[in-house]
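Here is a friendly walk through one protein model. Please keep the sequence and the 3D view open as you read.

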Amino acid sequence: MSVVISPSILAGNFLNLQQSLDIINSSEAEWVHVDVMDGVFVPNISFGFPVLKAVSAYCTKFIDVHLMIEQPNRYFSMLQEAGAQGLSIHFEGNHHLHRDLAEIQRLGMKAGLALNPQTSLDTVKELLPSIDHLLLMSVNPGFGGQKFIEDTVKKVAQASALRESLALNFTIQVDGGVNSDNCVRLKSAGADNLVAGSAVFKSTNPQETIAKLKTSI
Ligand code: DX5
Ligand code: ZN
């Protein structure tokens, strides 16, 4: 099965988001990645409900929302109403993840658990049966356009081995600095889903870049 691509609109054109969504809609990407940041959990603020609503009304792809905010559980219902189909919440700073992940699924969305580069897989083992996808950050969250942390490739392989040993079937998503060079290593390590912002939207032919990320081996 080929890898799922989730272009991140954080690198899109904020003066003409429709243009960025047209690119995604007419591409081979199956998901669209929406980064919500509150300026507290991460040192940056991105966008919130009105933008998510507009994106989900127009975009034909799976709406993949990555929450980089404090106490994300305050907003699960509102996010679902705004069109989110999947929510990824961070391990870091959240105290009741087992409950939160179940609540996301109860609301009919896919539940993702996101890990910062510092967080080891051993710490989250107990949560893995409760998730639909594991989001491994390959940069420190907060900004697009950062350099890929190479150690993530090993972490993907570890996650893939853990998944097999526990007989689970969550998917492994990688987010941050993903490009046409590291995508091959990530895929062979076991990644199923690649988020890509700058690599897609700063390229001269975004649709072609998406196709390459998806098919290059
Ligand atoms: C970073 C975000 C990423 C970001 C990826 O905090 O979570 O999703 O948009 O952008 P690139 O691909 O440019 O690193
Ligand atoms: Zn993200």
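Ala167 is exposed because its relative accessibility is 68%, where exposed means over 50% relative accessible area, buried under 20% and partly exposed in between (1.4 Å probe, protein chains only). Ala167 sits in the loop between α5 and β7 (171-175); helices (H or I, at least four residues) and strands (E, at least two) are DSSP runs, numbered from the N terminus. Although Ala167 is not a glycine, its phi is positive, near 55 degrees. Most residues other than glycine have a negative phi.

Gln71 also has a positive phi without being a glycine, here about 45 degrees. Gln71 belongs to the loop between β3 (62-68) and α3 (76-81), and is partly exposed because its relative accessibility is 48%.

## About the model

This is a predicted model, in which local features need pLDDT of at least 70 and side-chain atom pairs count only at pLDDT 80 or more, while totals for chains, interfaces and linings use all residues. Residues are numbered from 1 along each chain as its sequence is written, chains are lettered from A and ligands numbered from 1 in the order in which they are written, and side-chain values use heavy atoms, with hydrogens and water left out.

## Helices α5 and α6

Now look at α5 (residues 152-165) and α6 (residues 182-189), which pack at about 20 degrees with their axes 8 Å apart. Axes here are lines fitted to C-alpha atoms, for helices over the stretch in contact, and angles run from 0 to 180 degrees between N-to-C directions. The two helices α5 and α6 are therefore roughly parallel; angles under 35 degrees count as roughly parallel, over 145 as roughly antiparallel, 65 to 115 as roughly perpendicular and the rest as oblique.

Which residues of α5 and α6 meet? Val153, Val156, Ala157 and Ser160 of α5 meet Arg185, Leu186 and Ala189 of α6, contact being heavy atoms within 4.5 Å. The residues of this contact comprise five nonpolar, one polar and one charged. Ala, Val, Leu, Ile, Met, Phe, Trp, Tyr, Cys and Pro count as nonpolar, Asp, Glu, Lys and Arg as charged, and the others, Gly among them, as polar.

Glu164 also lies in α5 and is exposed, with a relative accessible area of 67%. Its C-alpha atom is separated by 23 Å from that of Asn182, 18 residues apart along the chain.

Ser88 lies in strand β4 (residues 86-90) and is buried, at 0% relative accessibility. A polar contact of 3.0 Å joins its side chain to that of His133. Such a contact is a pair of N or O atoms within 3.5 Å; within protein, one must be able to donate a hydrogen and the other to accept it, and residues adjacent in sequence count only if both atoms are side-chain atoms. Leaving out residues up to four places away in sequence, Ser88 touches several residues, including Asp64, His66, Gly112 and Gln173.

Asn193, in strand β8 (residues 193-196), is buried at 2% relative accessibility. The side chains of Asn193 and Gln173 make a polar contact of 3.0 Å. Not counting residues up to four places away in sequence, Asn193 touches Val3, Trp31 and Ile172, among others.

## Helix α8 and its cover

Buried residues of α8 (residues 206-215) are Pro206, Thr209, Ile210, Ala211, Leu213 and Lys214. Their cover includes β1 (4-7), α1 (17-25), α6, β8 and α7 (198-201).
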